[in-house]
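Reader: I have a model open on my screen. Please show me how to read it, one feature at a time.

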Amino acid sequence: MEGKEDSFRVTTSDDLEVSTYLEIAKQKAGEQPIVEKSPELEREAVVVIDFGSQYSMLITRRVRECNVYSEVLPYDTPWQRISSIKPKGFIFSGGPASVYDAGAPLASASIYESHLPILGICYGMQVLTHQFGGRVAIGTKHEYGHAILHQSAEGSPIFADLPLSFTVWMSHGDEIIEMPPGFTTMGYTENSTIAAMGNDHGIIGIQFHPEVAHTPQGKEILKNFLYRICDCTGNWTPGNFITESVAKIKEQVGDGRVICALSGGVDSAVTAALIHRAIGDQLTCIFVNNGLLRKEEAERTINTFQRNLKMNIIHIDATDRFLQRLMGVTDPEMKRRLIGEEFIRVFEEEAAKLGRVDFLAQGTLYPDVIESVTPENRAAAKIKTHHNVGGLPTKMTFSLIEPLRYLFKDEVRNVGLALGMPEEMVWRQPFPGPGLAIRIIGEVTRDKLEILRAADWIVMDEIKNANLYAELWQSFAILTDTRSVGVMGDHRTYGYLIAIRAVTSEDAMTADWARLPYDLLARISNRIVNEVRDVNRVVYDISSKPPSTIEWE
């Protein structure tokens, strides 16, 4: 095609001696087991190559739900980073670009040279078409929404055990008008004569999105790719994750000492439990009361951890120093950075009292990494700085241990249950590391903290009384910087506005506002304005994520 001389394109040859991509994939996957001591610990992985799709993270989740490990990496990630995961196959995501445009993102030559199976989805299918010598053009008819896919012929492993016709979800304006050499049509729709294609080497393209719920058989399609084409067995389970993590922690720590930042949430609790299983008394946990906790949070957290985790725990009350650092600060990003840095300084001071400490353990999760700017997701836009990722100071005396860095929250909970942790810890609603500082809009003061604590206590009390706590991802109060006129006891008031936030979610990457009963909202509002001083108005946040985030700051 014209204008594409500088783009990498795969050339085909009739005399190329290769049986199938699948056979080579089997050979390569067996060359370097992740943990050589025990074959059952060998982690199978499929890498999602991200071309800018809003669904890339969802593809990863769907793969993991099939008990196969997966990571999302930008399309321009160096091969050294990709190969370190030891993939058994690749999935190319969708994306907003057109492959025939100058500078359109394409896959690197190294991926094709690995001879591993590839599943191209939407734009990913068009990338395969273009780079293998086919043609993509603007579609004469666009496809957005539901469509019926008809299989062109029976026997394709990607559609094994599926009906000859089934509903799929489309979202594209370009179309394949000429398949690459060696590819055949596997499926079509009313508006796409080539809606699925493949060759004999495990390279498959589908124009629709199997990762979304609108494609009912989507998970079966992904399973077929993973199990029938990549030859995965589905051995990525909480139990194997624990075994693998314990082995890695032992290797990383050696005879060193570790301190673990305990927040009271499931992330830090599972982190502590994993590390304690690996190195025992070489671990010391530190719980820091930064003055930004909810009512009775510090007391309940210490009691729960001492009762259930049976490990060395130090409790530090650092309220004054945190509030001093936050004095006059209104920018939410600055709040997060200051809190993250102050945590590190507290840990350094406490570690010095213990003698030599080499490592700091944190409960960092994949969503934290994704939403912050880090070397591994440099192509993504920063949503907000998570205090334990982008909020860390550049100079620290510790090396980090983050065993949960590539897990989602629901996966962490499954690991916690597999570790035998009590359900009260595992199913605790998430609470942000910066605490109430990012639920107070504007400057954080002692007075505002007391107002918010009182309002938040009421929200949680009523949610639990309504037996909705376990059904919600998060539920909490926000103290806004808005004040409004009210009337109480025939007197004019000028009080604070409290916002209530309650959301449902699977992993915090997306969320929807919870449809709480009106009578419950009425009870919460009535109690807040009657029991919390200086508050005369309550509103309910009915925005989803996106476009909003779960937290207000």
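**Reading helices and contacts**

Author: In α6, the buried residues are Gly218, Ile221, Leu222, Asn224, Phe225, Leu226 and Ile229. Buried means under 20% relative accessible area, exposed means over 50%, and partly exposed lies in between (1.4 Å probe, protein chains only). This is a predicted model: local features need pLDDT of at least 70, side-chain atom pairs count only at pLDDT 80 or more, and totals for chains, interfaces and linings use all residues. Residues are numbered from 1 along each chain as its sequence is written, and side-chain values use heavy atoms, leaving out hydrogens and water.

Reader: What counts as a helix, and how many residues has helix α6?

Author: Helices are DSSP runs (H or I, at least four residues), numbered from the N terminus. Helix α6 covers residues 218–229 and has 12 residues. The expected span is 1.5 Å times one less than the number of residues. From first C-alpha to last, α6 reaches 16 Å, close to the 16 Å expected. After α6 comes aspartate 231, with a positive phi near 65°.

Reader: At what angle do helix α10 and helix α11 pack?

Author: Axes are lines fitted to C-alpha atoms over the stretch in contact, and angles run from 0 to 180 degrees between N-to-C directions. Helix α10 (residues 319–326) and helix α11 (residues 332–354) pack at about 145°, with axes 10 Å apart. Contact means heavy atoms within 4.5 Å. On α10, Arg321, Phe322, Arg325 and Leu326 make the contact; residues of α11 in it include Lys335, Leu338 and Glu349.

Reader: Is serine 268 buried or exposed?

Author: Serine 268 counts as buried because its relative accessibility is 4%. Serine 268 sits in helix α8, residues 266–279.

Reader: Which residues does serine 268 touch?

Author: Leave out residues up to four places away in sequence, and serine 268 touches Cys260, Ala261, Leu262, Ser263 and Gly363. A polar atom of its side chain lies 3.1 Å from the backbone nitrogen of serine 263. Sequence distance is another matter. Serine 268 and glutamine 362 are 94 residues apart in sequence, yet 6.2 Å apart in space, C-alpha to C-alpha.

Reader: With which side chain does arginine 439 make a polar contact?

Author: A polar contact is a pair of N or O atoms within 3.5 Å; within protein, one must be able to donate a hydrogen and the other to accept it, and residues adjacent in sequence count only if both atoms are side-chain atoms. For arginine 439, the partner is the side chain of glutamate 551, at 2.8 Å. Arginine 439 lies in the loop between α14 (423–426) and α15 (446–465). At 1% relative accessibility, arginine 439 counts as buried.

Conventions. Helix = DSSP H or I, 4+ residues; strand = E, 2+ residues; numbered from the N terminus.
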